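Hi,

Here is the structure I promised to pass on.

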Amino acid sequence: MTAQNSSSRPSPRTALITGASAGLGVEFANQLAARNYNLVLVARRKEKLEEVAEELANRHGVSAQTFSADLSEPSAPKTLFSEISAAGIHIDYLVNNAGSAGPSLLEGDDWERQAKFLELMMTSVTHMCHHFIPPMQARGFGRVLNVASFAGRLARSAGGHYGPSKAYVIALTEELDLMLKGSGVQASVLCPGFTHTDFHETAGMMEMKNSLPSFMWYDAEVVVREGIEALEKNQPIKVSGRLYRWIDPLAQSVWVRSLIKAAAPGR
Ligand SMILES: NC(=O)c1ccc[n+]([C@@H]2O[C@H](COP(=O)([O-])OP(=O)(O)OC[C@H]3O[C@@H](n4cnc5c(N)ncnc54)[C@H](OP(=O)(O)O)[C@@H]3O)[C@@H](O)[C@H]2O)c1
């Protein structure tokens, strides 16, 4: 892992954002820097991270450091925590945002690929919380925003293990919210619907993206702003986008779940 210091103007607080080389992560970094947070940016692509760090440090006058890490590697969160601590950086705001679409569960015989996906989507999020939250508790201040998905609110729609992995992140965050009451540390989970980022192109899902009506898609700016505001208001779960907030109670109803089950392929 590497670190690069881009610029500096002392600021009391630092935000760590995973998946900060593209999409929602870049926008989280932008909006948190605009709120005067120094940045620690994490993803695999070092050059992309450095571009983002330099641009945001210049735009907002904060410091921005980059750590390249593959969060599908089991040791990555511990190594990150050790490197960041050794650099004398305290993390006050943690955004667990890195993620991908993942492989089809029932195709192929490459379990290692499946295991890496689950490591990235669930275990790394839990592992990051394990290391970075206790120092926040000790200082009496911290903010944790875990990025799940509206797919985690459905999670029984025959869509494979992406939805269930996000359902875990939602449940984990609800649990953290209860465990952290009164500590000065708050945890919220953000559940975006379809959002314009690199996500679908990276996953080879552009045909699906182009087939969906534009009203189902939101810009990263809106999704990230709603997530940050939810955490500021201490709302444990935030479904972002008016459309998805409207659908959410219906999606939770047993009747709608039965309809989704009935419509699943092969029924
Ligand atoms: N876009 C949507 O419609 C949508 C909807 C609901 C939820 N989400 C969730 O939002 C989060 C952000 O996704 P996005 O839409 O912004 O996608 P994106 O534009 O593809 O960005 C994904 C980010 O995650 C990083 N990443 C992927 N695998 C990684 C790994 N193994 N280790 C470290 N970093 C990794 C990528 O960086 P590197 O490639 O440089 O590592 C990139 O910075 C994800 O958790 C996703 O599940 C997205």
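Let's start with burial: 50% of the 267 residues in the chain are buried, where buried means under 20% relative accessible area, exposed means over 50%, and partly exposed lies in between (1.4 Å probe, protein chains only). Before you go further, please keep in mind that this is a predicted model, so local features need pLDDT of at least 70, side-chain atom pairs count only at pLDDT 80 or more, and totals for chains, interfaces and linings use all residues. Residues are numbered from 1 along each chain as its sequence is written, and side-chain values use heavy atoms, with hydrogens and water left out.

The whole chain

Around helix α6

Aspartate 177 sits in helix α6 (residues 162-179) and counts as buried, at 8% relative accessibility. Not counting residues up to four places away in sequence, aspartate 177 touches Ala187, Asn234 and Pro236. Proline 236 is 59 residues away from aspartate 177 along the chain, yet their C-alpha atoms are separated by 6.4 Å. The side chain of aspartate 177 also makes a polar contact with the side chain of lysine 181 (3.2 Å). By polar contact I mean a pair of N or O atoms within 3.5 Å; within protein, one must be able to donate a hydrogen and the other to accept it, and residues adjacent in sequence count only if both atoms are side-chain atoms.

Next comes serine 183, in the loop between α6 and β6. Is serine 183 buried or exposed? It is buried, with a relative accessible area of 19%. A polar atom of its side chain lies 2.6 Å from the backbone oxygen of leucine 180. Leaving aside neighbours within four places in sequence, serine 183 is in contact with Gln137, Gly140 and Phe141.

Glutamine 186 belongs to strand β6 (residues 185-191) and is buried too, at 18% relative accessible area. With neighbours within four places set aside, its contacts are Gly142, Arg143, Val144, Leu231 and Asn234.

Two positive phi angles

Most residues other than glycine have a negative phi. Asparagine 234, in the loop between α9 (220-232) and β9 (237-239), has a positive phi of about 60° although it is not a glycine. Asparagine 234 counts as partly exposed, at 33% relative accessibility. Asparagine 36 has a positive phi as well, near 70°. You'll find asparagine 36 in the loop between α1 (23-34) and β2 (38-43), partly exposed at 29% relative accessibility.

Cheers

Methods
Helices (H or I, at least four residues) and strands (E, at least two) are DSSP runs, numbered from the N terminus. Contact means heavy atoms within 4.5 Å.
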